[in-house]
Amino acid sequence: MERLNEELVKWKEKVEKAAKAKADLVCELNADEERVKLEEEMMKLGFQEKQHKDIIVSRDAYEREFYELNQENVELKREIEKLKQEIAECSPEHTWDGQIKKKVAEMKMKFIYMEDMKGDYPDMNTHCVFGVATKIPFRLNQNQALLTFEDEEVAQRLIKMGKHMVNLDNKKAGVRVNPVTLEMGVKFELHVTISGKKINVSEVPAVHIPDDWMRDKLELNFYKSEQGGGEVENVIYDRRSGTAVITFRRPGAANDFVRRTKYPFYLNGNFHRLSVFPHVKVHLEKFQLYCGISKKTILLKGIEETEDDEESMQDMIEIHFQKPSNGGGEIEKIIYASKGGTWVCFEEDSENAM
């Protein structure tokens with residue numbers, strides 16, 4: 001009996017140990033599960049942190065790029081304003097509303113031929129074509145000179161040589177030869193057509209009659225051939241401006257009014273004098289903007305000041321650059337600015353300094 005009790009105690013101890021071992025295993029298993037969960041949470045947190053860092057880096061990169069673009073935009077705006085100012089200073093006749101305003105001097109014109117038959121009727125319109133090319137202004141600063149050669153190869157050769165030693169006032173002085181970069185110029189053709197069938201009329205008296213009546217009276221008035229008129233095809237009358245456009249049937253009828261500025265007009269028993277002038281259509285063709293480098297002209301920089309007058313300095317420069325031994329050649333024109341700067345102009349065709 002005693003031995004059985006001892007056996008029972010031993011088995012109880014074994015059961016307790018087994019239960020304890022089981023509990024330990026359960027705890028370890030739970031701990032492993034918790035560790036796995038914690039590791040998964042840590043991985044998620046790490047991934048989220050990396051994503052957050054990537055977002056921050058991307059945001060910083062975008063902000064930096066945006067800042068650089070803004071800075072570049074500011075610089076470009078400054079450049080645009082600077083260019084606008086330079087163009088305004090060089091070409092005050094250019095406006096930024098798309099219009100070009102330029103005074104044209106009066107000149108005599110020679111009409112060299114008349115158009116032949118056009119269909120069944122001769123073309124009695126007067127056609128004029130004017131070629132217009134603006135002169136390009138160039139700023140010549142103090143102690144600089146412009147030389148235009150007869151042969152462009154001479155100018156290009158001197159530019160390639162770069163620096164030249166010129167004998168000025170019995171001493172050698174180094175001057176730099178640079179190409180002449182020109183600003184923008186404009187050229188176009190102005191086509192003018194003076195109608196042979198239409199004339200413009202102004203100073204039509206304002207009277208209280210319907211527009212149809214006024215058109216009829218104008219037609220009857222200009223129908224009289226003894227006054228230089230003829231059969232009228234159409235009359236366009238504008239009461240508010242007191243003007244009209246008279247279209248004759250006969251081609252060339254409007255040419256009878258070329259030398260006339262006034263025309264008699266009888267209305268309701270009263271005598272009036274209408275102003276008459278040609279009907280003109282104007283349009284532009286071959287409008288071009290151009291710029292470039294003058295091929296025959298060079299710019300001298302770095303000319304040292306001397307006690308000689310401007311004419312003597314100009315002669316010494318011209319003598320040096322005319323000699324073939326110095327790489328020069330025949331000079332068409334030379335301009336030297338000794339005191340202050342000056343403006344010169346280039347023409348698109350000849351590219352010679354004026």
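Let's start with disulfides: counting a pair of cysteine sulfur atoms within 2.5 Å as a disulfide, the count here comes to 0. Two cysteines are still worth a look. Cys128 is buried, because its relative accessibility is 9%, while Cys345 is partly exposed at 26%. For those words, buried means under 20% relative accessible area, exposed means over 50%, and partly exposed is in between, with a 1.4 Å probe and protein chains only.

Please keep in mind that this is a predicted model, where local features need pLDDT of at least 70, side-chain atom pairs count only at pLDDT 80 or more, and totals for chains, interfaces and linings use all residues. Residues are numbered from 1 along each chain as its sequence is written, and side-chain values use heavy atoms, with hydrogens and water left out.

So, on to confidence. pLDDT is the predictor's confidence in each residue, from 0 to 100. The protein averages 77, and 80% of the residues score at least 70. Confidence is lowest in strand β1, residues 117-118, with a mean of 52, and highest in strand β10, residues 243-248, at 90. Residues 92-96 stay under 50, and the model gives them 8 contacts beyond four places in sequence. Residues 350-354 are also below 50, yet that stretch has 23 contacts beyond near neighbours in sequence. Contact here means heavy atoms within 4.5 Å.

Now the overall layout. There are 4 helices and 15 strands in the protein, taken as DSSP runs numbered from the N terminus, with helices being H or I of at least four residues and strands E of at least two. Of the 354 residues, 27% count as buried. Among contacts between residues at least 6 apart in sequence, 73% join residues at least 24 apart.

What sits in the largest nonpolar core? By that I mean a set of buried Ala, Val, Leu, Ile, Met, Phe, Trp, Tyr and Cys residues joined through side-chain atoms within 4.5 Å. This core has 22 residues, and those touching the most other members are Leu147, Phe149, Ile298, Leu300, Ile303, Ile317 and Phe321. At least two residues each come from β5, α2, β6, β7, β13, α4 and β14. Take Leu147: leaving aside neighbours within four places in sequence, its contacts include Ile298, Leu300, Ile317, Phe321 and Ile334. There is also a second, separate core of 21 residues, with Leu218, Phe222, Val232 and Ile246 among them.

Let's zoom in on α2. Its buried residues include Val154, Ala155, Leu158 and Ile159. Why do they lie on the same side of α2? Because they cover an arc of only 135° around the axis, the arc being that of the directions from the helix axis to the C-beta atoms. As a reminder, an α-helix has 3.6 residues a turn, so residues three or four places apart point the same way. The buried residues of α2 pack against β5, β6, β7, β13 and α4. On the face turned away from that buried side, you'll find the exposed residues Glu153 and Lys160.

Glu203 is not a glycine, yet has a positive phi of about 65°. Glu203 lies in the loop between β8 and α3, and is partly exposed because its relative accessibility is 49%. Lys286, in strand β12, also has a positive phi, near 55°. Lys286 counts as exposed, because its relative accessibility is 56%.
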